[in-house]
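Let's take a walk through this structure together. Keep the sequence and the 3D view open as you read.

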Amino acid sequence: MTKISDLPVNLVEEILSKVPLKYMTAVRLTCKEWDTLYKSRSFSKMHIDKISAGESMMVVVLMRYNLYLMNVVLVVNEDPLIECKGQLTCLDKQNYKISHVFHCDGLLLCVLKDDYTKVIVWNPYWGQTRSIECRYSVGPNRWFWFSYALGYEDKGGSSCRAYKFLRFIDQFVGYEDNFIWYEIYDFESSSWKTLDVITPHWRINLYERGVSLKGNTYWLASPRNSYEGLDNHIICFDFTSESFGPLLRLPFDAGDDATVTLSCVKEEKLVVLFTHYELEGPLEFEIWISTKIEAEKVSWSKFLRVVDAEFEPLISYDCFFIDEEKKVAMSFEDAYPTKFDIVGEAGYFKKLELGERLGRDIKWMQHACSYVRSLADIKQHAAAGGKRKQQSELEKQRYDQNMARLAALKKLSRAWQFERGRPKGE
(Lines give C-alpha, C1' and ligand atoms only; values in the text may rest on other atoms or scores of the structure.)
Protein backbone atom coordinates (compact mmCIF):
# COMPACT_ATOMS: atom_id res chain seq x y z
CA MET A 1 0.00 0.00 0.00
CA THR A 2 1.40 3.36 -1.02
CA LYS A 3 2.07 5.78 1.83
CA ILE A 4 1.48 9.48 1.62
CA SER A 5 5.17 10.07 2.26
CA ASP A 6 6.01 8.02 -0.87
CA LEU A 7 4.04 10.34 -3.15
CA PRO A 8 5.59 13.44 -4.78
CA VAL A 9 4.85 16.58 -2.80
CA ASN A 10 3.33 18.36 -5.79
CA LEU A 11 0.92 15.45 -6.33
CA VAL A 12 -0.19 15.48 -2.69
CA GLU A 13 -0.69 19.24 -2.85
CA GLU A 14 -2.81 18.80 -5.97
CA ILE A 15 -4.92 16.15 -4.22
CA LEU A 16 -5.43 18.41 -1.18
CA SER A 17 -6.36 21.32 -3.42
CA LYS A 18 -9.36 19.29 -4.66
CA VAL A 19 -10.77 18.88 -1.15
CA PRO A 20 -13.73 21.22 -0.48
CA LEU A 21 -12.79 23.89 2.03
CA LYS A 22 -15.47 22.85 4.52
CA TYR A 23 -13.88 19.37 4.78
CA MET A 24 -10.27 20.56 5.05
CA THR A 25 -10.11 20.46 8.86
CA ALA A 26 -11.40 16.89 8.98
CA VAL A 27 -8.82 15.78 6.38
CA ARG A 28 -5.98 17.37 8.33
CA LEU A 29 -6.96 15.48 11.49
CA THR A 30 -6.82 12.07 9.78
CA CYS A 31 -3.05 12.05 9.35
CA LYS A 32 -0.06 13.89 10.79
CA GLU A 33 1.56 14.04 7.36
CA TRP A 34 -1.54 15.69 5.85
CA ASP A 35 -1.48 18.28 8.62
CA THR A 36 2.26 18.96 8.17
CA LEU A 37 1.82 19.46 4.44
CA TYR A 38 -1.20 21.71 4.98
CA LYS A 39 0.98 24.02 7.08
CA SER A 40 3.71 24.25 4.41
CA ARG A 41 4.23 27.57 2.65
CA SER A 42 3.66 26.24 -0.86
CA PHE A 43 0.31 24.66 -0.01
CA SER A 44 -0.72 27.65 2.11
CA LYS A 45 -0.32 29.91 -0.90
CA MET A 46 -2.37 27.50 -3.04
CA HIS A 47 -5.00 27.35 -0.30
CA ILE A 48 -5.20 31.15 -0.03
CA ASP A 49 -5.55 31.50 -3.81
CA LYS A 50 -8.36 28.95 -3.78
CA ILE A 51 -10.18 30.70 -0.97
CA SER A 52 -9.81 34.10 -2.63
CA ALA A 53 -11.20 32.77 -5.90
CA GLY A 54 -14.30 31.40 -4.18
CA GLU A 55 -15.16 34.39 -2.00
CA SER A 56 -16.32 37.80 -2.99
CA MET A 57 -15.05 39.71 0.02
CA MET A 58 -13.66 39.02 3.48
CA VAL A 59 -14.37 41.51 6.26
CA VAL A 60 -12.96 41.75 9.76
CA VAL A 61 -15.60 43.13 12.12
CA LEU A 62 -14.87 44.53 15.58
CA MET A 63 -17.73 43.71 17.96
CA ARG A 64 -17.71 43.98 21.74
CA TYR A 65 -13.92 44.43 21.68
CA ASN A 66 -13.42 41.13 19.81
CA LEU A 67 -12.67 40.45 16.13
CA TYR A 68 -14.85 38.32 13.84
CA LEU A 69 -14.27 37.24 10.25
CA MET A 70 -17.19 37.53 7.81
CA ASN A 71 -17.54 36.48 4.21
CA VAL A 72 -19.77 38.45 1.83
CA VAL A 73 -20.73 36.65 -1.39
CA LEU A 74 -22.67 38.50 -4.07
CA VAL A 75 -24.73 36.18 -6.30
CA VAL A 76 -26.28 37.38 -9.55
CA ASN A 77 -30.09 37.65 -9.37
CA GLU A 78 -30.13 36.33 -5.79
CA ASP A 79 -29.94 37.80 -2.32
CA PRO A 80 -26.36 38.37 -1.11
CA LEU A 81 -24.91 35.80 1.27
CA ILE A 82 -23.21 36.84 4.50
CA GLU A 83 -21.50 34.19 6.56
CA CYS A 84 -19.74 34.65 9.88
CA LYS A 85 -16.64 32.45 9.81
CA GLY A 86 -16.32 32.89 13.55
CA GLN A 87 -14.27 34.78 16.08
CA LEU A 88 -10.58 35.23 15.40
CA THR A 89 -9.21 33.31 18.35
CA CYS A 90 -5.62 34.13 19.07
CA LEU A 91 -5.57 37.31 21.08
CA ASP A 92 -8.50 36.24 23.25
CA LYS A 93 -6.21 33.76 25.00
CA GLN A 94 -4.53 36.75 26.65
CA ASN A 95 -7.95 38.33 27.39
CA TYR A 96 -7.13 41.39 25.30
CA LYS A 97 -9.97 43.80 24.54
CA ILE A 98 -9.50 45.59 21.22
CA SER A 99 -10.72 49.16 20.81
CA HIS A 100 -9.45 49.84 17.26
CA VAL A 101 -8.16 47.70 14.41
CA PHE A 102 -6.24 48.57 11.24
CA HIS A 103 -5.45 46.26 8.30
CA CYS A 104 -2.37 46.10 6.09
CA ASP A 105 -1.19 43.25 3.88
CA GLY A 106 -3.04 40.58 5.89
CA LEU A 107 -1.74 41.94 9.21
CA LEU A 108 -3.99 43.50 11.85
CA LEU A 109 -2.77 46.32 14.06
CA CYS A 110 -4.79 46.07 17.27
CA VAL A 111 -5.08 48.97 19.71
CA LEU A 112 -6.06 47.71 23.17
CA LYS A 113 -8.91 49.09 25.24
CA ASP A 114 -7.39 48.75 28.73
CA ASP A 115 -3.65 48.77 28.05
CA TYR A 116 -2.21 51.98 26.60
CA THR A 117 1.42 50.88 26.93
CA LYS A 118 1.49 48.65 23.83
CA VAL A 119 -0.16 47.61 20.60
CA ILE A 120 -0.44 44.12 19.08
CA VAL A 121 0.35 43.25 15.45
CA TRP A 122 -1.29 39.99 14.39
CA ASN A 123 -1.42 37.73 11.35
CA PRO A 124 -4.60 35.68 11.95
CA TYR A 125 -3.77 33.23 9.16
CA TRP A 126 -0.50 32.08 10.77
CA GLY A 127 -1.51 32.89 14.33
CA GLN A 128 1.60 35.04 14.73
CA THR A 129 1.56 38.05 17.05
CA ARG A 130 4.01 40.72 18.09
CA SER A 131 3.63 43.07 21.01
CA ILE A 132 5.11 46.54 20.49
CA GLU A 133 5.84 48.53 23.62
CA CYS A 134 5.05 52.22 23.12
CA ARG A 135 7.69 54.70 24.25
CA TYR A 136 5.06 56.68 26.10
CA SER A 137 1.41 56.08 26.83
CA VAL A 138 -1.52 58.32 27.58
CA GLY A 139 -4.67 57.10 29.30
CA PRO A 140 -8.24 57.87 28.23
CA ASN A 141 -7.84 61.63 28.52
CA ARG A 142 -10.11 63.12 25.89
CA TRP A 143 -7.46 65.65 24.81
CA PHE A 144 -4.82 63.12 23.86
CA TRP A 145 -5.66 60.72 21.08
CA PHE A 146 -3.31 58.94 18.71
CA SER A 147 -3.59 58.11 15.03
CA TYR A 148 -2.10 54.83 13.82
CA ALA A 149 -0.87 53.25 10.59
CA LEU A 150 0.83 50.01 9.62
CA GLY A 151 2.86 49.74 6.41
CA TYR A 152 5.98 48.37 4.85
CA GLU A 153 9.03 49.14 2.78
CA ASP A 154 9.17 46.80 -0.21
CA LYS A 155 12.71 45.50 -0.58
CA GLY A 156 11.98 43.14 -3.44
CA GLY A 157 8.74 41.17 -3.45
CA SER A 158 6.20 40.08 -0.85
CA SER A 159 8.77 37.96 1.00
CA CYS A 160 11.11 40.95 1.48
CA ARG A 161 8.87 43.52 3.12
CA ALA A 162 10.16 45.51 6.08
CA TYR A 163 7.14 46.33 8.23
CA LYS A 164 6.85 49.58 10.16
CA PHE A 165 4.33 51.13 12.53
CA LEU A 166 3.47 54.86 12.54
CA ARG A 167 1.92 56.62 15.52
CA PHE A 168 1.28 60.32 15.95
CA ILE A 169 -0.49 63.04 17.90
CA ASP A 170 -1.44 66.19 16.01
CA GLN A 171 -4.13 68.20 17.77
CA PHE A 172 -5.03 71.32 19.66
CA VAL A 173 -4.75 71.18 23.44
CA GLY A 174 -6.42 73.77 25.64
CA TYR A 175 -7.09 77.04 23.87
CA GLU A 176 -4.48 77.44 21.13
CA ASP A 177 -1.50 75.16 21.68
CA ASN A 178 -1.04 72.50 19.02
CA PHE A 179 0.94 69.40 19.99
CA ILE A 180 2.65 67.53 17.13
CA TRP A 181 4.63 64.33 17.52
CA TYR A 182 5.14 61.84 14.69
CA GLU A 183 7.16 58.69 15.36
CA ILE A 184 7.80 55.40 13.59
CA TYR A 185 8.74 51.92 14.80
CA ASP A 186 10.92 49.61 12.68
CA PHE A 187 10.20 45.88 13.12
CA GLU A 188 13.68 44.81 12.00
CA SER A 189 15.66 47.03 14.37
CA SER A 190 13.02 47.10 17.14
CA SER A 191 13.61 50.84 17.45
CA TRP A 192 11.56 54.05 17.54
CA LYS A 193 12.44 57.21 15.64
CA THR A 194 10.95 60.70 15.83
CA LEU A 195 10.09 61.98 12.36
CA ASP A 196 11.00 65.45 11.22
CA VAL A 197 7.39 66.68 11.09
CA ILE A 198 7.36 70.01 12.92
CA THR A 199 5.10 72.40 11.02
CA PRO A 200 3.19 70.31 8.47
CA HIS A 201 1.16 72.07 5.79
CA TRP A 202 -1.69 69.58 6.20
CA ARG A 203 -4.10 68.51 8.90
CA ILE A 204 -5.44 64.98 9.41
CA ASN A 205 -8.67 64.96 11.36
CA LEU A 206 -8.46 63.54 14.87
CA TYR A 207 -10.75 60.53 14.32
CA GLU A 208 -9.70 59.84 10.73
CA ARG A 209 -8.73 56.25 9.92
CA GLY A 210 -6.02 55.68 7.38
CA VAL A 211 -6.36 53.25 4.45
CA SER A 212 -3.47 50.96 3.56
CA LEU A 213 -2.54 50.66 -0.11
CA LYS A 214 0.56 48.87 -1.43
CA GLY A 215 2.41 49.37 1.83
CA ASN A 216 1.60 53.08 2.21
CA THR A 217 -1.23 54.75 4.13
CA TYR A 218 -3.65 57.41 2.88
CA TRP A 219 -5.79 59.75 4.97
CA LEU A 220 -8.39 62.39 4.27
CA ALA A 221 -6.72 65.74 4.96
CA SER A 222 -7.08 69.47 4.56
CA PRO A 223 -4.69 72.43 4.41
CA ARG A 224 -3.56 73.42 7.90
CA ASN A 225 -4.19 77.11 7.30
CA SER A 226 -7.78 76.40 6.27
CA TYR A 227 -10.41 76.92 8.98
CA GLU A 228 -13.11 75.13 7.00
CA GLY A 229 -11.77 71.66 7.74
CA LEU A 230 -13.26 70.28 4.53
CA ASP A 231 -12.17 66.84 3.35
CA ASN A 232 -11.27 67.78 -0.22
CA HIS A 233 -7.81 66.21 -0.21
CA ILE A 234 -5.96 63.05 0.69
CA ILE A 235 -2.37 62.66 1.80
CA CYS A 236 -0.03 59.69 1.66
CA PHE A 237 2.59 58.51 4.13
CA ASP A 238 5.33 56.63 2.28
CA PHE A 239 6.82 53.97 4.57
CA THR A 240 9.91 53.61 2.36
CA SER A 241 10.96 57.26 2.54
CA GLU A 242 9.26 57.66 5.95
CA SER A 243 7.72 60.94 4.83
CA PHE A 244 4.43 62.50 3.77
CA GLY A 245 3.69 63.48 0.20
CA PRO A 246 1.78 66.56 -0.97
CA LEU A 247 -1.94 67.11 -0.55
CA LEU A 248 -3.74 65.35 -3.40
CA ARG A 249 -7.02 66.88 -4.58
CA LEU A 250 -10.16 64.75 -4.59
CA PRO A 251 -12.37 64.86 -7.72
CA PHE A 252 -15.17 66.83 -6.04
CA ASP A 253 -15.85 69.75 -3.68
CA ALA A 254 -17.12 68.67 -0.28
CA GLY A 255 -19.05 71.32 1.62
CA ASP A 256 -20.48 71.45 5.14
CA ASP A 257 -23.44 69.34 4.04
CA ALA A 258 -21.32 66.41 2.85
CA THR A 259 -19.36 63.48 4.26
CA VAL A 260 -16.33 61.81 2.73
CA THR A 261 -15.05 58.28 3.49
CA LEU A 262 -12.00 56.41 2.19
CA SER A 263 -11.74 52.72 1.38
CA CYS A 264 -9.75 50.46 -0.94
CA VAL A 265 -10.11 47.46 -3.24
CA LYS A 266 -7.84 44.59 -2.12
CA GLU A 267 -5.12 47.14 -1.28
CA GLU A 268 -4.72 47.79 -5.00
CA LYS A 269 -6.97 50.79 -5.66
CA LEU A 270 -8.21 53.65 -3.53
CA VAL A 271 -11.94 54.34 -3.33
CA VAL A 272 -13.68 57.43 -1.97
CA LEU A 273 -17.35 57.88 -1.06
CA PHE A 274 -18.81 61.39 -1.36
CA THR A 275 -22.24 61.76 0.23
CA HIS A 276 -24.14 65.00 -0.31
CA TYR A 277 -27.40 65.78 1.44
CA GLU A 278 -29.49 68.86 2.15
CA LEU A 279 -32.59 69.52 4.23
CA GLU A 280 -34.54 69.95 1.03
CA GLY A 281 -33.71 67.76 -1.91
CA PRO A 282 -32.71 64.16 -2.60
CA LEU A 283 -29.81 62.33 -1.07
CA GLU A 284 -26.95 61.97 -3.50
CA PHE A 285 -23.74 60.05 -3.33
CA GLU A 286 -20.85 59.32 -5.66
CA ILE A 287 -18.10 56.74 -5.45
CA TRP A 288 -14.80 57.37 -7.22
CA ILE A 289 -12.05 54.80 -7.78
CA SER A 290 -8.40 55.51 -8.48
CA THR A 291 -7.08 54.65 -11.93
CA LYS A 292 -3.50 55.56 -11.06
CA ILE A 293 -2.14 56.28 -7.62
CA GLU A 294 1.27 57.14 -6.25
CA ALA A 295 2.50 58.98 -3.17
CA GLU A 296 2.51 62.26 -5.12
CA LYS A 297 -0.08 61.73 -7.86
CA VAL A 298 -3.57 60.26 -8.23
CA SER A 299 -6.19 60.10 -10.99
CA TRP A 300 -9.84 59.09 -10.58
CA SER A 301 -12.76 57.54 -12.42
CA LYS A 302 -16.41 57.67 -11.30
CA PHE A 303 -17.50 54.21 -10.17
CA LEU A 304 -21.11 54.73 -9.10
CA ARG A 305 -23.62 57.55 -8.62
CA VAL A 306 -26.98 57.27 -6.86
CA VAL A 307 -29.67 59.91 -6.35
CA ASP A 308 -32.64 58.74 -4.27
CA ALA A 309 -34.91 60.46 -1.77
CA GLU A 310 -36.51 57.26 -0.44
CA PHE A 311 -33.60 55.68 1.45
CA GLU A 312 -30.35 56.71 3.03
CA PRO A 313 -27.74 54.02 2.42
CA LEU A 314 -24.00 54.37 2.75
CA ILE A 315 -24.07 57.42 5.02
CA SER A 316 -21.13 56.01 6.91
CA TYR A 317 -18.42 58.05 8.57
CA ASP A 318 -16.41 54.92 9.21
CA CYS A 319 -16.23 52.32 6.44
CA PHE A 320 -17.67 51.05 3.19
CA PHE A 321 -16.72 48.44 0.59
CA ILE A 322 -17.21 47.89 -3.14
CA ASP A 323 -17.30 44.95 -5.50
CA GLU A 324 -15.68 46.32 -8.63
CA GLU A 325 -16.82 43.49 -10.90
CA LYS A 326 -20.49 43.53 -9.86
CA LYS A 327 -20.45 47.32 -9.48
CA VAL A 328 -22.10 47.55 -6.06
CA ALA A 329 -21.22 49.35 -2.84
CA MET A 330 -21.76 48.03 0.69
CA SER A 331 -21.73 49.55 4.14
CA PHE A 332 -22.86 49.05 7.72
CA GLU A 333 -25.33 51.73 8.73
CA ASP A 334 -24.07 54.22 11.31
CA ALA A 335 -27.38 54.52 13.14
CA TYR A 336 -28.11 50.76 12.93
CA PRO A 337 -24.75 48.95 12.78
CA THR A 338 -26.44 45.55 12.57
CA LYS A 339 -27.88 46.47 9.17
CA PHE A 340 -25.84 45.97 6.00
CA ASP A 341 -26.77 48.05 2.93
CA ILE A 342 -25.89 47.04 -0.63
CA VAL A 343 -26.48 49.57 -3.40
CA GLY A 344 -25.92 49.29 -7.15
CA GLU A 345 -26.94 50.67 -10.49
CA ALA A 346 -30.50 51.04 -11.81
CA GLY A 347 -32.00 51.37 -8.33
CA TYR A 348 -30.57 48.13 -6.95
CA PHE A 349 -30.83 48.17 -3.15
CA LYS A 350 -30.68 45.45 -0.48
CA LYS A 351 -30.91 45.94 3.27
CA LEU A 352 -29.80 42.91 5.30
CA GLU A 353 -30.36 42.36 9.00
CA LEU A 354 -27.17 40.66 10.15
CA GLY A 355 -28.60 39.28 13.37
CA GLU A 356 -31.12 37.23 11.43
CA ARG A 357 -28.60 36.22 8.77
CA LEU A 358 -25.86 35.17 11.16
CA GLY A 359 -28.06 33.76 13.90
CA ARG A 360 -26.40 35.69 16.69
CA ASP A 361 -26.69 38.89 18.69
CA ILE A 362 -24.53 41.58 17.13
CA LYS A 363 -26.06 44.73 18.54
CA TRP A 364 -22.73 46.37 19.19
CA MET A 365 -20.50 46.65 16.15
CA GLN A 366 -17.64 49.12 16.45
CA HIS A 367 -15.80 48.94 13.13
CA ALA A 368 -15.19 46.83 10.05
CA CYS A 369 -12.38 46.63 7.52
CA SER A 370 -11.71 44.54 4.44
CA TYR A 371 -9.31 41.65 4.91
CA VAL A 372 -7.02 39.71 2.57
CA ARG A 373 -5.22 36.61 3.85
CA SER A 374 -1.44 36.84 3.78
CA LEU A 375 1.67 34.71 4.28
CA ALA A 376 3.51 37.69 5.76
CA ASP A 377 5.89 36.85 8.58
CA ILE A 378 5.89 39.06 11.67
CA LYS A 379 9.50 39.35 12.70
CA GLN A 380 10.00 39.23 16.43
CA HIS A 381 11.98 41.71 18.50
CA ALA A 382 15.70 41.91 17.81
CA ALA A 383 17.61 40.18 20.58
CA ALA A 384 19.41 42.29 23.13
CA GLY A 385 22.99 42.77 21.97
CA GLY A 386 22.05 41.61 18.47
CA LYS A 387 20.57 43.78 15.73
CA ARG A 388 18.65 46.02 18.10
CA LYS A 389 19.46 49.57 17.05
CA GLN A 390 20.83 51.84 19.74
CA GLN A 391 19.06 55.14 20.32
CA SER A 392 21.11 58.07 19.07
CA GLU A 393 21.81 61.12 21.19
CA LEU A 394 19.74 63.23 18.80
CA GLU A 395 16.78 60.86 19.11
CA LYS A 396 17.07 60.85 22.89
CA GLN A 397 17.08 64.66 22.87
CA ARG A 398 14.00 64.82 20.64
CA TYR A 399 12.18 62.32 22.83
CA ASP A 400 12.98 64.22 26.05
CA GLN A 401 11.85 67.53 24.52
CA ASN A 402 8.53 66.05 23.35
CA MET A 403 7.89 64.39 26.70
CA ALA A 404 8.53 67.68 28.53
CA ARG A 405 6.15 69.54 26.23
CA LEU A 406 3.55 66.79 26.51
CA ALA A 407 3.66 67.00 30.33
CA ALA A 408 3.21 70.78 30.16
CA LEU A 409 0.24 70.52 27.80
CA LYS A 410 -1.41 67.83 29.91
CA LYS A 411 -1.21 70.24 32.84
CA LEU A 412 -2.72 72.98 30.67
CA SER A 413 -5.48 70.63 29.56
CA ARG A 414 -6.42 69.82 33.17
CA ALA A 415 -6.58 73.51 34.02
CA TRP A 416 -8.72 74.24 30.96
CA GLN A 417 -11.15 71.42 31.80
CA PHE A 418 -11.35 72.66 35.38
CA GLU A 419 -12.20 76.19 34.19
CA ARG A 420 -15.01 74.78 32.05
CA GLY A 421 -16.38 72.76 34.97
CA ARG A 422 -15.39 69.36 33.60
CA PRO A 423 -13.85 66.53 35.58
CA LYS A 424 -10.09 66.51 35.49
CA GLY A 425 -8.58 64.08 33.03
CA GLU A 426 -5.71 61.80 33.65
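This is a predicted model: local features need pLDDT of at least 70, side-chain atom pairs count only at pLDDT 80 or more; totals for chains, interfaces and linings use all residues.

Residues are numbered from 1 along each chain as its sequence is written, and side-chain values use heavy atoms, with hydrogens and water left out.

Let's start with β4 and β5. Strands here are DSSP runs of E with at least two residues, helices are runs of H or I with at least four, and both are numbered from the N terminus. Two strands count as paired if DSSP finds at least two bridges between them. β4 and β5 run antiparallel and are joined by six bridges; one of these links H103 to L108 in β5. Two residues sit between the strands of this hairpin, where D105 takes a positive phi near 55 degrees. Six of the seven residues of β4 are buried (under 20% relative accessible area with a 1.4 Å probe, protein chains only; over 50% is exposed, and partly exposed is in between).

Now for the interior. A nonpolar core is a set of buried Ala, Val, Leu, Ile, Met, Phe, Trp, Tyr and Cys residues joined through side-chain atoms within 4.5 Å. The largest one has 27 residues, and F165 and F187 have the most contacts inside it. Among the elements giving it two or more residues are β4 (98–104), β5 (107–112) and α6 (393–419). Apart from this core lies another of 22 residues, including Y218 and L262.

Next, find R209, in the loop between β12 (202–204) and β13 (211–213). Is R209 buried or exposed? With a relative accessible area of 17%, R209 is buried. Its side chain reaches the backbone oxygen of V101 at 3.4 Å, a polar contact (N or O atoms within 3.5 Å, one able to donate a hydrogen and the other to accept it; residues adjacent in sequence count only if both atoms are side-chain atoms). Beyond four places in sequence, R209 is in contact (heavy atoms within 4.5 Å) with residues including Y218, W219 and D318.

Finally, look at the open four-stranded sheet, ordered β22-β23-β24-β25 with antiparallel pairing. β22 (321–323) and β25 (349–353) each have a single partner strand, so one side of each lacks a neighbour in the sheet. β24 pairs with β25 over five bridges, and I342 has K350 as its bridge partner in β25.
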